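Good morning, colleagues. Please look at the structure on the screen while I describe how its parts are arranged.

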Amino acid sequence: MSALPSPLSLSANGVSLGVHFFCTVRGNPGTQLHTLQPYLARMPAPHLVSVARATIVVVEKLPGGRPTGGGFFTSFLDWMGRERKTGIPDSFFAFRPRCHIIAITRRAFDDADTRPFTFFHESAHCIHRSYPIYPHGATFRDYAGIRYTRSNAVEEYAAETYSRYIVNPRRIARVGEVPIGQSMQECTRRLIEQLMASPAGRHFRQMNQRGSDADGDISPMPYEYPW
Ligand SMILES: [Zn+2]
């Protein structure tokens with residue numbers, strides 16, 4: 001690769017984020033990226049700031065070679081010497097030695113349904129470094145209703161909850177995962193409460209507060225309970 005691509009930008013709530021494409025995506029990358037805009041607008045500014053500080057990339061494969069989903073990395077060291085997989089030359093990271101990296105694979109980006117869930121799941125890991133996304137002492141067992149199969153790490157369940165709260169707040173719980181005796185709605189409500197009880201949840205509560213305090217034409221944020 002000769003010249004490094006310049007990032008495409010998106011902004012919401014006064015914060016602008018740049019996304020670097022290191023692969024060819026289906027359709028127009030700017031147009032596809034803009035499908036994330038309405039969801040970004042649901043995020044509190046402090047969360048957007050922590051995402052905006054990360055380096056966000058769309059790549060063919062993650063440094064380990066996985067071509068699906070996304071990844072969050074706290075260090076560029078995982079990316080060095082991996083240009084053949086990721087398409088990103090080492091020189092790109094020379095300017096970003098201390099940045100967190102949010103990576104979305106081309107396959108996840110190309111799929112309109114998967115794109116936002118992947119983007120906000122990886123963003124949640126990034127936000128977690130500034131504002132924890134689960135309450136102190138929580139375990140994966142507190143997230144019954146969430147589907148995540150790759151590990152029992154509470155952070156993964158909390159990142160799924162965060163992502164689904166942003167993208168599809170009426171259906172955070174998944175069919176087939178809801179504990180016996182609970183309705184889908186009760187389960188989703190419990191998952192929202194779990195997020196709201198976290199340090200990151202405080203920002204959503206403040207955002208809701210401002211929404212409902214506003215008079216006139218500012219409609220309340222849809223993020224109290226979405227029913
Ligand atoms: Zn994850």
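I shall begin with the domains and then turn to one pair of helices.

The model is a predicted one, in which local features need pLDDT of at least 70, side-chain atom pairs count only at pLDDT 80 or more, and totals for chains, interfaces and linings use all residues. Residues are numbered from 1 along each chain as its sequence is written.

The protein chain is divided into domain 1, residues 8-128, and domain 2, residues 140-204; these bounds come from an automatic or database domain assignment. Taken over C-alpha atoms, the centres of domain 1 and domain 2 are 23 Å apart. Between them, 14 residues of domain 1 are in contact with 10 residues of domain 2, where contact requires C-beta atoms, placed from the backbone, to lie within 7 Å.

Which elements give two or more residues to the side of domain 1 that touches domain 2? They are H3 and H7, helices being DSSP runs of H or I with at least four residues, numbered from the N terminus. H7 gives the most, with 8 residues.

These two helices also pack against each other. Helix H3, residues 45-53, and helix H7, residues 114-128, meet at an angle of about 100°, with axes 9 Å apart. Axes are lines fitted to C-alpha atoms over the stretch in contact, and angles run from 0 to 180 degrees between N-to-C directions. H3 and H7 are therefore roughly perpendicular, a term covering 65 to 115 degrees. His-47, Ser-50 and Val-51 of H3 make the contact with Ser-123, Cys-126 and Ile-127 of H7.

Key:
Parallel < 35°, antiparallel > 145°, perpendicular 65-115°, else oblique. Contact = placed C-beta atoms within 7 Å.
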